[in-house]
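Subject: Structure handover

Hello,

Here is the structure I promised to pass on. My notes on it follow below.

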Amino acid sequence: TNKIILDGTTFYNNTHAALLQSSSISCNYNLDYLIGSKGIYYYPLEISNDPNAIDENSEITLLQNKNNSHLQFKTISGAVNYSKSFCSFLGTSLTIVDTYSHIGPEVIKNSNITLQGKAQLTDIANQSTILSDNTSNSLFVITGSNNTLRWLTFERNSGSTANILIEVISNSVGRLIVDGCIFTDLNTESSSQHDFSFIQTSGSTTTIINSVFFGGKFGNGGAISQSSCQLNVDKCIFNGIQGQTGPFIRSSSIGTNQIIAYDNQKQSFKSDY
C-alpha cells in the first residue's frame, strides 16, 4: 500500500509550480485522502483583505486540519497557484470573504476553478464584492476551461475607466458559467468613444444564469457582449437606468448572425423611466 506522511513539511518558491500543475506533489494515484476536499491536509481556500493573509510567495507548511480552519490568501492568483501545485487539490472552490479591490487584470489560465462570494448558497451573509476601482484594466481575463463565477457582486465605480470587467477568451472547447452574480456600473462616463461591457465573451461557450444586471453607459458595448461561439442567458434580470446608453445584450461578428435561438420566457427587462 502506498503511504505518504507530510506533517510539518514546508513548501516554498518552487518556480516550476507556477508553470505546471501538481509540481509540488505529483503522483499517478489519487491523493484525495491527503489534499482532496475530505483530506487530512485539506484547508478551504479564501481570498481576504486580512493583513495576516498569506502572500503569494509565502512558505506553506502542511499540518493536519483538525479544527476546520481555512487558508487565507491576499490574491486570487496566490490561492490558485497553491491549489494547482498539489495533486488532487485543484478544482476546489475559492471563496472571497470580503470586498476585493483589484487593479487587474487577474488572468485565470487554469481550468476547473470555482470562484465564489460565499461558502455556500444558503449562507445568510451578503455575497462578497469584487470592485473595479481607479483602473482601466479588466478584473478578469479568463482563458481556461470549465470555470465558474458564482454568488459574487461586480461593481465598476466612478474611479474606474475599465472597458470590460470580465473578458472571456478561450478556444471552442472552453466554458464559463456565471451563476447568481450582480453587476452594477457606477461610472458616469458618457463619451461616445467609451464602450463598456460587464462581460465580453469570444471563443468560448458562456452560460449566465440567475444573475442581475443594472444598466450603465455601455455605448457600443453592452451589459453582455458576444463576438463568437455560444452565449446562453437564463433566468436573468436586466434593470435599466436613466440615461443608459447601449443595449443589455450585444451579439455581433463580421458577416455572421450569432443569435441562433432566443427564449425570453425566463428573462426580465426593466426600466426606471
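Predicted model: local features only at pLDDT ≥ 70, side-chain atom pairs only at ≥ 80, totals over all residues.

**The cavity**

The structure holds one cavity of 30 Å³ or more. The largest cavity contains about 40 Å³ of space. Its lining is made up of Ile108, Ile113, Thr114, Leu115, Ile142, Asn147, Thr148, Leu149 and Leu176. Two strands, E8 (114-116) and E11 (147-150), each supply at least two residues of that lining. Strand E11 gives the most, with three residues.

Glutamate 106 first. This residue sits in strand E7, which covers residues 106-108. Its relative accessible area is 6%, so glutamate 106 is buried; the cut-off for buried is under 20%. Beyond its neighbours within four places in sequence, glutamate 106 is in contact with Ile76, Ser77, Tyr100, Ser138, Leu139, Phe140 and Val141.

Now glutamate 56. This residue is in the loop between strand E2 (45-47) and strand E3 (60-62). Glutamate 56 has 37% relative accessibility, so it counts as partly exposed. Leaving out neighbours within four places in sequence, the contacts of glutamate 56 are Thr75, Ser77, Gly78 and Asn81. Phenylalanine 73 is 17 residues away from glutamate 56 along the chain, yet their C-alpha atoms are separated by 7.1 Å.

Ser77 is on the contact list of glutamate 106 and also on that of glutamate 56.

**Helix H1**

Helix H1 runs over residues 76-84. Is it enclosed or open to the outside? Seven of its nine residues are buried, so H1 is largely enclosed by the rest of the structure. The buried ones are Ile76, Gly78, Ala79, Val80, Tyr82, Ser83 and Lys84. Ile76 is also one of the contacts of glutamate 106, while Gly78 is one of those of glutamate 56.

**Cysteines**

How many disulfides does the structure hold? The count is zero. Cysteine 181 is in no disulfide: the nearest cysteine sulfur belongs to cysteine 236 and is 9.6 Å away. Cysteine 181 is buried, at 1% relative accessibility. Cysteine 229, by contrast, is partly exposed, with a relative accessible area of 31%.

Best wishes

Key:
Residues numbered from 1 in each chain as written. Heavy atoms only, no water. Helix = DSSP H or I, 4+ residues; strand = E, 2+ residues; numbered from the N terminus. Buried < 20%, exposed > 50% of the residue type's maximum accessible area, 1.4 Å probe, protein only. Contact = heavy atoms within 4.5 Å. Disulfide = S-S within 2.5 Å. 1 Å grid on protein atoms, 1.4 Å probe; cavity = no way out; pocket = protein on both sides within 12 Å on 5 of 7 lines; lining within 4 Å. Points joined across faces, edges and corners; volume = space filled by probe spheres on them.
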